[in-house]
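Biologist: Please put the model up, and then let us go through it by question and answer.

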Amino acid sequence: QVHLMESGGGLVQPGGSLRLSCAASGSFLWIYAMGWYRQAPGKQRELVANISDGGGTTYADSVKGRFTISRDYFKNMVYLQMNSLKPEDTAVYYCHADCQISKAVVEEFRGQGTQVTISS
């Protein structure tokens, strides 16, 4: 099994910044993509940002230019630097990782989530 632990959420004012971190631990052969989803009350889950094992990144249009995803391949960690935060960024943010857990099995794992609230 793979365990993902997020940290770094909190309450900030509009225009502020937060940095989310996620650490992957457990039994796996390789981690392919890692990234972040978010879900606000009453809204569908949204893929915010993703980073492949090759370093390629993708972002939701709503966060382009404000959020930056990065990864530490040795520590099996992924980060999300969030700048110029807006009230509409308020959501629970979930880390995910696509892991090779055996020769024939790749499985997606998700963390428990961390609350991000943007409010004055």
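Modeller: A word on terms before the questions: buried means under 20% relative accessible area, exposed means over 50%, and partly exposed lies in between (1.4 Å probe, protein chains only). This is a predicted model, in which local features need pLDDT of at least 70 and side-chain atom pairs count only at pLDDT 80 or more, while totals for chains, interfaces and linings use all residues. Residues are numbered from 1 along each chain as its sequence is written, and side-chain values use heavy atoms, with hydrogens and water left out.

Biologist: What share of the residues of the chain counts as buried?
Modeller: The cut-off for buried is under 20% relative accessible area. Of the 120 residues of the chain, the share that counts as buried is 39%.

Biologist: How many helices and strands does the chain have?
Modeller: Helices (H or I, at least four residues) and strands (E, at least two) are DSSP runs, numbered from the N terminus. Along the sequence the pattern reads β-β-β-β-β-β-β-β-β-β-β. The count is therefore zero helices and eleven strands.

Biologist: What is the radius of gyration of the chain, and what does the globule rule give for 120 residues?
Modeller: The radius is taken over C-alpha atoms, and the rule is 2.2 Å times the number of residues to the power 0.38. The pattern along the sequence is β-β-β-β-β-β-β-β-β-β-β. The chain is as compact as a globular protein of that length, because its radius of gyration of 14 Å is close to the rule's 14 Å.

Biologist: Which residues have the most contacts inside the largest nonpolar core?
Modeller: A nonpolar core is a set of buried Ala, Val, Leu, Ile, Met, Phe, Trp, Tyr and Cys residues joined through side-chain atoms within 4.5 Å. The largest one has 30 residues, and those with the most contacts inside it are Trp36, Leu80, Met82 and Tyr93.

Biologist: Which strand gives the largest share of this core?
Modeller: Elements giving two or more residues to the core include strand 1 (2-7), strand 4 (30-39), strand 8 (77-82) and strand 9 (91-102). The largest share is five residues, and it comes from strand 9.

Biologist: Which residues does leucine 80 touch, beyond those up to four places away in sequence?
Modeller: Contact means heavy atoms within 4.5 Å. By that criterion, leucine 80 touches Leu18, Arg19, Leu20, Trp36, Val48, Ala49, Phe67, Thr68, Ile69 and Tyr93.

Biologist: Is serine 21 buried or exposed?
Modeller: Serine 21 lies in strand 3 (residues 18-26). Leaving aside neighbours within four places in sequence, serine 21 is in contact with Met5, Glu6, Ser7, Trp36, Met77, Val78 and Tyr79. Because its relative accessible area is 13%, serine 21 is buried.

Biologist: Which residues is glycine 10 in contact with, leaving aside neighbours within four places in sequence?
Modeller: Glycine 10 belongs to strand 2 (residues 10-12). With a relative accessible area of 23%, glycine 10 is partly exposed. Its contacts are Leu18, Gln115, Val116 and Thr117.

Biologist: What is the phi of asparagine 76, and where is this residue?
Modeller: Most residues other than glycine have a negative phi. Asparagine 76 is not a glycine, yet its phi is positive, about 55 degrees. The residue sits in the loop between strand 7 and strand 8.

Biologist: What is the phi of serine 84?
Modeller: Serine 84 is found in the loop between strand 8 and strand 9. At 40% relative accessibility, serine 84 counts as partly exposed. Although not a glycine, serine 84 has a positive phi of about 50 degrees.

Biologist: Is aspartate 61 buried or exposed?
Modeller: Aspartate 61 is placed in the loop between strand 6 (57-59) and strand 7. Its C-alpha atom is separated by 9.7 Å from that of alanine 49, twelve residues apart along the chain. Since its relative accessibility is 66%, aspartate 61 counts as exposed.

Biologist: How far apart in space are valine 92 and asparagine 76, C-alpha to C-alpha?
Modeller: Valine 92 is in strand 9. Not counting residues up to four places away in sequence, valine 92 touches Tyr37, Arg38, Gln39, Gly113, Thr114 and Gln115. Valine 92 and asparagine 76 are 16 residues apart in sequence, and their C-alpha separation in space is 22 Å.
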